[in-house]
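Please read them alongside the sequence and the structure.

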Amino acid sequence: MNIALSLLHALKAHGAREIFGIPGDFALPFFRIVEESGVLPLYTLSHEPGIGFAADAAARFNGALGVAAVTYGAGALNMVNPVAGAYAERSPLVVISGAPGAAEVRSGMLLHHQVKTTDSQFAIYREITCAQTRLDDPATAPAEIARVLGACREQSRPVLIEVPRDAVALPCAPVRPAAPAAYDREAVEACAGEILARLAAAARPTLLVDIEVRRYGLEARVAELAHRLAIPVVTTFMGRGLLAEAAVPVAGTYLGVAGEPAVTALVEDSDCLLMLGVLLSDTNFGVSGRQIDLRKAVYAADRQVQIGFHHYPDLPLGALVEALLALVSDLDPPEPRLRPDLPPLPEAIVDGAPIAPDDIAAAIGTLMRRHGALPIASDIGDCLFTALGLANTALTAPGYYATMGFGVPAGLGIQATTGLRPLILVGDGAFQMTGWELGNCRRYGWDPIVIVFNNASWEMLRTFQPESAFNRLDEWRFAELAAALGGHGERVRTRRELHAALAAAHARRGRFSLIEAMIAPGALSHTLARYVEGFRARRARQAAGH
Ligand code: TPW
Ligand code: MG
């Protein structure tokens, strides 16, 4: 065993299934051991942001560690934005970076990829990771690996592991996993009891779930809890796609004034809102019709629980859910409370009319009802708001941090880690950032279906500030790129063409299919239109000092 192998086996033991990476000279010795040992398969892409997004999406999808391996400086710093997004959206991403060897550092000469000092990268990463280590000592390496991977899993946030190039092959013991952080079981039971008493006294309880539920692998248990308590379940915007495979039907996604009024009422009119793993972010709550009264809510996230004025620190979400289940497991489920009557989802209209974003949702819905669901990776832009018009399906998207460039590499990460064929939704602006990564599909046999929403515009920005000409983009011909990158491309302008292209893409296996849907500038999904209105109104209220 050596430091690199010890690390690779520990990653695998923590649930990592593969490594996404781009090497460099400081990382070559580590990459050699990755390749020759075969402990985890290695997928290389073209640009480090793609590596970070793909590994993050794999982590989100598996509910386990994702791994991104890069070189020192130029590589790791290219990944700052994806790692920051993983931090913000609570994704357990392990960043492994090469680093200069001890003798090189001692030489005192400036080393290539060095910023200010040889520690600059470590310092920058302190802000965007929850734990960091440099494996330069084989005596402490196993304990250090255990500490950092333990933190990654427990806090569900990224970590940095630097491996100096002269240390990778030093003999080293295997890693013994760190014991999970202790918590007070009596506090958990007291907390669960208090929550159930509140729920029992409430007339309109609602369960609101967000990403921590997935990060900690709790979807099935939370679904069971909802079933036992027979209370309606709503996801946040960021939590969209949660419980898609669970037995309880999700009533909908909370979008405040931009959402279905019946779903908004479930949240805003609840007299006991049980919020599990929820991010209190502007994208989740910025468009609330009415401020949610947290004194009437139970808020459990970030290893803490707040019930009215009671605060329980240091309480893992999984332990709380188990304690709640233990208390309700002997009860017969009560009569389910009324679920809201929601309008049925539209079927695709197949005619010669031009394509509006909601037509894409309808066409996808029709395809999935016929052939089964595909996991979706979406970028930020109207494509994500359009996806909210679909039935609840597994979805990965930067709904809170809102970085562009996520969609395409995230889709590749999903296919690499699950073998499932993904559907990728992306705007033309975001495709310009990372769409190129599709060129890596052929090598690995990946065949995602990619829908580019081409409105020749940074349309989301244009809706906020229509007077600015810089939001108009040139019209790129993306479909024509596909063949050169090893895929199949088609530009569609009407709903009939869209429908046919989707069906053909579904039947075509073995290479990626890019459908470039031409959308008139100014045509928005109805959800984005209402969301922008809600956000504007809120900003106006804030500016007026309310
Ligand atoms: C890495 C700011 C948010 S939305 C947007 C920008 C530039 C326009 C997106 O254009 P696209 O989609 O992809 O064509 P659509 O539907 O609006 O036309 N840089 C990064 N992330 C963000 N969020 C921005 C800039 C932004
Ligand atoms: Mg656009």
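1. D302 and R90 form a salt bridge through their side chains, with 3.5 Å from N to O; the term covers a side-chain nitrogen of Lys or Arg within 4 Å of a carboxyl oxygen of Asp or Glu. D302 sits in the loop between β11 (297–301) and β12 (304–307) and R90 in the loop between α5 and β4 (93–99), so the pair ties together parts 212 residues apart in sequence. Helices (H or I, at least four residues) and strands (E, at least two) are DSSP runs, numbered from the N terminus. By the salt-bridge rule the count comes to 24.

2. This is a predicted model, in which local features need pLDDT of at least 70 and side-chain atom pairs count only at pLDDT 80 or more, while totals for chains, interfaces and linings use all residues. Residues are numbered from 1 along each chain as its sequence is written, chains are lettered from A and ligands numbered from 1 in the order in which they are written, and side-chain values use heavy atoms, with hydrogens and water left out.

3. An automatic or database domain assignment gives domain 1 (3–164), domain 2 (185–328) and domain 3 (357–530). The centres of domain 1 and domain 3, taken over C-alpha atoms, are 30 Å apart.

4. Between domain 1 and domain 3, about 2,000 Å² is buried, 63% of it on carbon and sulfur atoms; buried area is the accessible area (1.4 Å probe) that two parts lose on being put together, summed over both. F53, F61 and E89 lose the most area on the domain 1 side, together 31% of what that side buries.

5. What polar links cross this interface? There are 14 residue pairs in polar contact between domain 1 and domain 3, both residues at pLDDT 80 or more, but 0 salt bridges. A polar contact is a pair of N or O atoms within 3.5 Å; within protein, one must be able to donate a hydrogen and the other to accept it, and residues adjacent in sequence count only if both atoms are side-chain atoms.

6. The magnesium ion (ligand 2) has D428 (OD), N455 (OD1) and S457 (O) as protein donors, at 2.0 to 2.1 Å. Donors are N, O and S atoms within 2.8 Å of the metal (3.2 Å for Na, K and Ca); water is not among the atoms, so sites may look incomplete. D428 belongs to helix α18 (residues 428–434), and S457, 29 residues apart from D428, to the loop between β17 (449–454) and α20 (459–464).
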